[in-house]
Amino acid sequence: MRDFARFVQRVEPKLPPGAMQTYDVSAPLETHWRSATCAEVECKAFMQGWSSDVLAGSADEARLAKAYEAEFRRGAIKGEKLETGFIRYHFPAGTACFRQAWHKLPLERPALFIVRSGDWRGTDGVIRRFATGAEWVDHFATHLDGISERVSRG
Amino acid sequence: MAKESGLGFDDDSGSLQDIRNDVPNFQFALPRGVQDVTGIDVFAFERLLLLADMNMTLNGVFNDAANKSHDVFSSVPTYNSGRQVNIAHSGQSLGITPAIEMIATDYALTRGAGGELTWTVPMALSNGLVPTWT
């Protein structure tokens, strides 16, 4: 994730990271989220159904047949032969989608409220960790007040 | 995120959408201390720096349900105006008065080692207003 972040298109700040401070609210996927079903997240494929084209007799087709064995047996998934040699499978609404293992929902635990030095380019570490969001908001508001006062002064 | 916190963003039709269920974390980067950036000559330059250097990064979990994060951010490459941003916590909100706007410069999707599909949206302040908690 961290390496990937370098390739994200951003507006480069004019100040060096050392002159920046970051207000961070964090609910890490590992500790604050749980796996969820398609129905819980109301994913589009599950709600509306979808169709997928796979090459007849390919490994993809075998994988689909295995993953959706029960649905195929029930006749819920219909295949339509295309002229190109592909088969278009129509998955009805209510079928768990291909991304079913990726769906996540928050556990509603309190998030971690942090102020740290630097920004996305680099950090010297955490300046302060807050027990409650209200304290974090208070610190954030005081800091913004200082900036806005300076700006309005010209 | 706790139930009392919220995150709202404009979609491409300008309506604020609640996407907090998709966002594991966000960061708001600001100039560290006002004194640190005081120039020795002109104030105007300093003010420019202060405003230009507010940026935000949102990290989230892919969700293509109606009016959730994918609906809101899939228009990043085509929608050129600033987006209204609103963050709420414990009855306080950031971004309403004054109504700040930010430009999203990317909607980068990545598949994590654990198989989850996550996204990153960096944003920079675009309408020159200093956000305030009210």
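This is a predicted model: local features need pLDDT of at least 70, side-chain atom pairs count only at pLDDT 80 or more; totals for chains, interfaces and linings use all residues.

I began with Gly79(A) and asked which residue stands opposite it in S5(A).

S4(A) and S5(A), the latter covering residues 86–91, run antiparallel and are joined by four bridges. Stepping back, I found an open sheet of three strands in chain A, with the order S3-S5-S4 and antiparallel pairing. S3 (50–55) and S4 (78–81) of chain A are the edge strands, each pairing on one side only. From one strand to the next, I noted a twist averaging 25 degrees.

Then I checked what lies across this sheet. Helix H5 of chain A, residues 59–67, lies across S3 and S5 of chain A. H5(A) runs at about 135 degrees to S3(A).

I turned to the nonpolar residues after that. As a general reminder to myself, nonpolar side chains in soluble globular proteins tend to be buried together. Here the largest nonpolar core has 38 residues, and I wanted to know which members touch the most others. They are Met102(B) and Val121(B).

Both chains contribute: strand S1 (20–26) and helix H7 (133–153) of chain A each supply at least two residues, as do several elements of chain B, including helix H2 (69–73) and strand S7 (101–104). S9(B) gives the most, with five residues.

Leaving out residues up to four places away in sequence, I listed its contacts as Leu58(B), Phe73(B), Ala104(B), Asp106(B) and Tyr107(B).

Technical notes: Residues are numbered from 1 along each chain as its sequence is written. Chains are lettered from A and ligands numbered from 1 in the order in which they are written. A nonpolar core is a set of buried Ala, Val, Leu, Ile, Met, Phe, Trp, Tyr and Cys residues joined through C-beta atoms within 7 Å. A residue is buried if 20 or more other C-beta atoms lie within 10 Å of its own, exposed if 12 or fewer, and partly exposed in between; C-beta atoms are placed from the backbone. Two residues are in contact if their C-beta atoms, placed from the backbone, lie within 7 Å. Two strands pair if DSSP finds at least two bridges between them. Axes are lines fitted to C-alpha atoms, for helices over the stretch in contact, and angles run from 0 to 180 degrees between N-to-C directions.
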